[in-house]
Amino acid sequence: MHCPYCNNSESKVIDSRDATDGVRRRRECIRCGLRFTTYERVQTSALMVAKRDNRREEYNREKLMSSIQKACVKRPLPTGAIDKLVHDIEIQLQDTGRAEIPSVSIGEMVIEHLRTMDPVAYIRFASVYRDFADVESFKEAVEALEKAYHSTDKERDSAQLPLIDETIFSTKKRLRKPRAGLDLNISIGDEKR
Ligand SMILES: [Zn+2]
């Protein structure tokens, strides 16, 4: 089991307990000292994902990875950040202990992680999965993005924001009109409906 943070292969088990259908182990990385949890169980059935149209399909790691990659295109993320994100989501999915999970719930998990990871990727992903039903949540998201935008090197960052309409940042007035931002040209996987 590799450390999800530094990828070191050695860890020591500091706690181990039986769960209903497996063993949960608390581990500590020998190299960086970070603690993480592994959940070991005999694979009896694959995790099923319930889509919004009620179709079911087997959980597909590549599909999740690709939808996150699309949201993160040209974002200055550290190497391995997306792998780690997918890994964390899978731990979370296992922790639910469920055999079936709605695709919307997986989307929400990703959104929560991206929110702290990268504001642009967050907005790209959330606008597909959440449709920003209410104006307030979209405003919040754009304001968070604006804050992050102004706190980084503007020149360097603007080169990395090809999908974001510059006018979003121009005036407060524009910010109050969410439609200006809704023009983001996004398509992630087949979740867009
Ligand atoms: Zn480590």
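Q: Two strands pair if DSSP finds at least two bridges between them; in what order do the strands of the open sheet of 3 strands stand?
A: This is a predicted model, in which local features need pLDDT of at least 70 and side-chain atom pairs count only at pLDDT 80 or more, while totals for chains, interfaces and linings use all residues. Residues are numbered from 1 along each chain as its sequence is written. Strands (E, at least two residues) and helices (H or I, at least four) are DSSP runs, numbered from the N terminus. The open sheet has mixed pairing, and its 3 strands come in the order 5-4-6.

Q: Which strands are the edge strands of this sheet?
A: From one strand to the next, the twist of the sheet averages 30 degrees. An edge strand here pairs on one side only, and this holds for strand 5 (56–58) and strand 6 (100–102).

Q: Which residue of strand 5 stands opposite Val49?
A: Strand 4 (residues 48–50) and strand 5 run antiparallel and are joined by 3 bridges. Across this pairing, the residue opposite Val49 is Glu57.

Q: In the hairpin of strand 2 and strand 3, which residue takes a positive phi?
A: Strand 2 (residues 22–29) pairs with strand 3 (residues 35–40) in the antiparallel sense over 6 bridges, and Arg27 stands opposite Phe36 in strand 3. The hairpin has 5 residues between the strands, and the residue with a positive phi, near 80 degrees, is Gly33.

Q: Are helix 1 and helix 2 parallel, antiparallel, perpendicular or oblique to each other?
A: Helix 1 (residues 61–71) and helix 2 (residues 81–96) pack with their axes 10 Å apart, at an angle of about 130 degrees. Axes are lines fitted to C-alpha atoms over the stretch in contact, and angles run from 0 to 180 degrees between N-to-C directions. Angles under 35 degrees count as roughly parallel, over 145 as roughly antiparallel, 65 to 115 as roughly perpendicular and the rest as oblique. The two helices are therefore oblique.

Q: Which residues of helix 2 meet helix 1?
A: Residues are in contact if their C-beta atoms, placed from the backbone, lie within 7 Å. From helix 1, Arg61, Leu64, Met65, Ile68 and Gln69 take part, and they meet, in helix 2, Ile82, Leu85, Val86 and Ile89.

Q: Is Ser9 buried or exposed?
A: Ser9 is found in the segment before strand 1 (11–19), and its C-alpha atom is 9.0 Å from that of Arg31, 22 residues apart along the chain. A residue is buried if 20 or more other C-beta atoms, placed from the backbone, lie within 10 Å of its own, exposed if 12 or fewer, and partly exposed in between. Because Ser9 has 10 such atoms within 10 Å, Ser9 is exposed.

Technical notes
Two residues are in contact if their C-beta atoms, placed from the backbone, lie within 7 Å. Two strands pair if DSSP finds at least two bridges between them.
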